[in-house]
Amino acid sequence: MAALPPVSLTLDLLHRRLLRDGALVSLGDRAFDLLAVLAEAAGEAVTAETLTARVWPGVTVGPGNLRVQVRALRRALGDGAVENVPGVGYRLLLPLSGPGTGLSHPPVDALLGREGELDRLRMMLSRSRLVTIIGPGGVGKTSLALAGVARMQALRGVHVELAPVAQGALLPVVTAAAMALRLVGADMKGAVLQALAERPTLLLLDNAEHLLDAVAGFADELLGQCPNLHILLTSREPLGLPGEQLLPLCPLDCPPEGEEMAAAIRTYPAVRLVLREHARGGWPEPADDQMPALARLCRHLDGLPLALLLLAAWMRDCPVAEVERVLSGRFQDLPLPAEAGSRHGNLHHMLRWSVEALSPDERLLLGRLAVFAGTWPVEAAVAVCGAPPLEPAAVPGLVAGLVARSLVAGPIQTRQQGLRLLETIRHHVIAGDPGLVERDGLRHRLCAWLSAHLRHQMLVRGQSGFRVPGLLADVADIRAMMTWAFGGGDVLAGQVLALDSFRLWTQAGPFVEIADFLMRAWSLCGPETPPLIRALLGLLLHGEGLTVRLPMQADRARYAQDELEAAVATLREPDVPPVWAIDGLRAAGYIRRYTGDQRACLALWEEAVAIADRHQVPADMVRDRSLLGWMRAELGEMAQARVEFARALAAAERHGVPRNLTLMRLADAEFNDGQVDRAIAVTREALASGETMPPILQQTLRANLASYLLLQGRVMDAVSQALLALNIMMKIDYSYAQPWALERGALVALRLGRPELALSLAGLAQRLLDVGQGRRAAAEREIHAQLSTGLAGVNALERPLELAEALRSLREFYEDLLADGSTRR
């Protein structure tokens with residue numbers, strides 16, 4: 001057998017790297033895992049079955065997979081590095097050393113997405129002698145701390161790993177060992193103090209949460225006697241010493257819910273970490289169509305770096321979608337690698353270690369909080385979880401304790417108002433007592449709280465012009481509760497919640513989901529359904545309350561004839577929540593408009609304005625008065641329309657209500673009156689107002705501006721606005737706007753000599769309108785008229801475009817035009 005060259009090889013399990021004479025040796029993930037198992041055997045042969053089970057846990061692979069990784073090790077380390085032991089398996093012949101007990105710095109790129117936190121840590125260490133990095137398990141506290149120590153080059157760095165230490169009395173012993181002190185006498189603490197006083201030192205006490213009281217006393221004594229000493233701790237909760245500076249460490253940013261664009265998903269740090277680790281194993285990058293599933297997995301794992309590293313390992317053998325299916329509801333079972341320490345075999349064990357230190361009341365509250373799928377305010381925890389044996393008055397203090405222990409994420413970690421359980425912790429506590437939520441009736445309590453909270457918040461928002469302190473209910477909680485309710489939990493509670501959450505969903509999206517929930521609520525109506533619930537559901541689904549096309553909209557004429565009057569009469573009964581009455585009357589007005597009775601539409605909207613005035617809800621009053629102006633303009637009553645718009649704008653100014661929706665409708669009215677330049681100016685004013693607006697309103701403003709510019713002959717100016725509107729529409733799945741986007745694009749194509757594209761887009765738009773019974777507004781009517789004239793002699797295409805294909809083709813058409821800098825008109 002060939003002699004091995006005399007080299008120094010260091011196997012660093014903590015950071016998953018192999019160093020040859022200090023230089024990094026390139027190894028794939030599987031090869032590294034194989035090397036770790038062989039090294040653990042200390043020169044003994046390891047059977048092929050054991051190697052396969054350890055390197056590919058839970059996965060069935062053939063003998064060829066093991067041979068491939070053995071060859072990879074031999075290529076990296078030399079042919080004689082791994083010996084084949086006939087009839088047994090393999091043995092490692094190389095002597096390997098560990099990274100030592102002192103300070104070990106992570107690779108420079110290990111801190112992906114942590115550049116800002118690293119700068120803050122360096123600044124805090126330069127100002128304070130005691131800094132604690134706090135955060136949940138697996139968030140990357142140790143990696144950040146090691147990088148921070150490396151930045152403080154003027155100080156000697158000493159890393160004391162406290163995870164294996166079971167007794168506080170051993171703190172001086174492990175600190176002395178980390179400093180490689182040669183101890184002769186029994187006074188270890190004295191020796192540590194003397195050594196720390198000799199030169200400026202930064203002492204890293206890592207994973208201190210299970211010894212908090214002992215560490216606090218030890219650190220206080222060290223700082224008091226060693227003036228040149230700085231201490232950096234990592235813990236899930238602070239020490240509570242005077243002068244302690246805290247650096248809360250948040251999970252990595254994940255793609256938000258609803259983000260489906262592969263290019264955008266790849267930019268988020270959580271996804272970048274997974275993809276980087278996946279690539280390090282020599283595996284090809286997942287395709288674009290797998291990115292939405294990867295984004296969901298990153299969110300489910302809360303952006304915790306440790307969990308993301310484990311996810312990257314799972315992706316080596318399965319497509320992302322398969323990993324998502326396999327791991328659904330089992331995230332706490334993800335196995336931790338050996339380098340995570342002997343205390344933790346998987347995420348479940350890591351979390352159990354934290355939960356076991358809680359008091360009985362804290363444990364009970366933590367389990368009850370699992371009913372929340374999203375963020376929640378403290379008052380929600382009191383209302384939903386404050387049932388016997390817990391006292392409601394005690395819940396805020398218990399929540400504060402859970403936040404201090406990093407078991408409940410606060411606003412710093414969630415990056416939004418409210419508190420929440422990280423998904424990994426939530427899965428853990430549910431697995432610990434699966435029947436708790438049902439046994440304590442928590443879903444019924446949460447449904448009731450959500451409905452009351454939403455109804456109150458929407459009324460307050462309407463009264464104060466949308467400038468409301470406090471927290472709106474989380475869509476994730478609403479979704480979870482309606483799914484439970486319509487699955488047999490409590491149908492009526494789900495129907496009420498669907499109506500109470502209607503405004504929140506239509507402002508924030510996703511729009512298709514609330515449409516699905518409302519249709520399901522409608523389908524579950526029966527003889528026992530309260531008339532008001534059925535009436536409002538029917539109005540919203542047949543009117544224009546939703547921003548998606550619905551099958552019910554094709555049934556408007558029948559509904560208007562058979563059910564509309566009775567539904568509206570129900571809204572006029574006593575004790576109807578004003579928000580419900582306003583929404584229902586607005587939807588009823590749209591139904592009358594679509595069935596050709598504009599005067600009845602005006603009357604219903606005037607009634608909605610009166611209710612908003614009576615209950616002092618100026619936001620709704622402004623919105624519905626602008627609808628009155630818009631409808632009067634359609635009827636040719638421009639003088640009265642301008643009066644309504646002036647009153648709406650004055651009320652908006654007086655009450656601090658955003659003006660951009662009113663300006664959008666005013667612009668459409670001006671266009672209807674032939675004032676194209678005025679329509680363009682008013683639309684640009686709305687876009688430049690600086691007022692917060694939901695994506696759907698921004699899309700509509702840009703789409704309208706594109707239409708006005710196009711009809712004025714400014715094609716390329718129109719294209720730039722149309723592309724912005726199209727991108728928003730596709731991102732938020734605003735299906736109601738799709739026909740108008742297609743017809744607008746068709747007229748652009750016709751103007752620029754692409755009649756075939758124009759015909760296909762226009763034909764698809766008309767099919768969509770026929771299904772949904774859409775009704776064109778002023779600019780849309782003019783675009784349609786010009787299209788009909790221009791396409792009169794164009795032959796139909798053999799294969800009509802599908803919607804997704806048409807939208808992609810239109811976007812590419814716009815992008816190509818703008819990229820070419822075309823000046824055609």
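Close-up 1. Helices (H or I, at least four residues) and strands (E, at least two) are DSSP runs, numbered from the N terminus. Keep in mind that this is a predicted model, where local features need pLDDT of at least 70 and side-chain atom pairs count only at pLDDT 80 or more, while totals for chains, interfaces and linings use all residues. Residues are numbered from 1 along each chain as its sequence is written, and side-chain values use heavy atoms, with hydrogens and water left out.

Close-up 2. The structure has 42 salt bridges, and here are some others. Glu438 pairs with Arg443, their closest N and O atoms lying 2.9 Å apart. Glu438 is partly exposed at 47% relative accessibility, and Arg443 is partly exposed too, at 25%. Arg678 and Glu670 also meet through their side chains, at 3.8 Å from N to O. In this pair Arg678 is partly exposed, at 40% relative accessibility, whereas Glu670 is buried at 5%. There's a network as well: salt bridges link Arg503, Asp583, Arg586, Asp620 and Asp624. Side chains of opposite charge can pair when their charged atoms come close.

**Close-up 3. Helix 26 packed against helix 29.** Helix 26 (residues 531–542) and helix 29 (residues 578–594) have axes 8 Å apart and pack at an angle of about 45 degrees. Axes are lines fitted to C-alpha atoms, for helices over the stretch in contact, and angles run from 0 to 180 degrees between N-to-C directions. The two helices are therefore oblique to each other; angles under 35 degrees count as roughly parallel, over 145 as roughly antiparallel, 65 to 115 as roughly perpendicular and the rest as oblique. Their crossing is left-handed, that is, the near helix is turned anticlockwise from the far one by less than a right angle (clockwise would be right-handed).

**Close-up 4. Helix 23 meeting helix 26.** The axes of helix 23 (residues 491–500) and helix 26 come within 11 Å and cross at roughly 45 degrees. This pair is therefore oblique, and the crossing of helix 23 and helix 26 is left-handed. Helix 23 brings Leu492, Gln495, Val496 and Leu499 to the contact, and helix 26 brings Ile533, Leu536, Leu537 and Leu540. The contact of helix 23 with helix 26 splits into 7 nonpolar, 1 polar and no charged residues.

**Close-up 5. Helix 30 alongside helix 31.** Helix 30 (residues 598–614) and helix 31 (residues 618–634) pack at about 160 degrees, with axes 8 Å apart. That makes helix 30 roughly antiparallel to helix 31. Residues in the contact include Trp605 and Glu606 of helix 30, and Asp620, Asp624 and Trp630 of helix 31. How many charged residues does the contact of helix 30 with helix 31 have? There are 7, together with 11 nonpolar and 1 polar.

Close-up 6. Most residues other than glycine have a negative phi, and most peptide bonds are trans. Pro388 and Pro389 are joined by a cis peptide bond, with omega about 10 degrees; Pro389 sits in the loop between helix 16 (378–385) and helix 17 (395–404). Asp302 has a positive phi, near 65 degrees, and lies in the loop between helix 11 (291–300) and helix 12 (305–314). Ser406 isn't a glycine either, yet has a positive phi of about 65 degrees, in the loop between helix 17 and helix 18 (411–414). Asp302 is buried at 3% relative accessible area, and Ser406 is buried at 11%.

Notes
Salt bridge = Lys/Arg side-chain N within 4 Å of Asp/Glu carboxyl O. Buried < 20%, exposed > 50% of the residue type's maximum accessible area, 1.4 Å probe, protein only. Contact = heavy atoms within 4.5 Å. Nonpolar A, V, L, I, M, F, W, Y, C, P; charged D, E, K, R; others polar.
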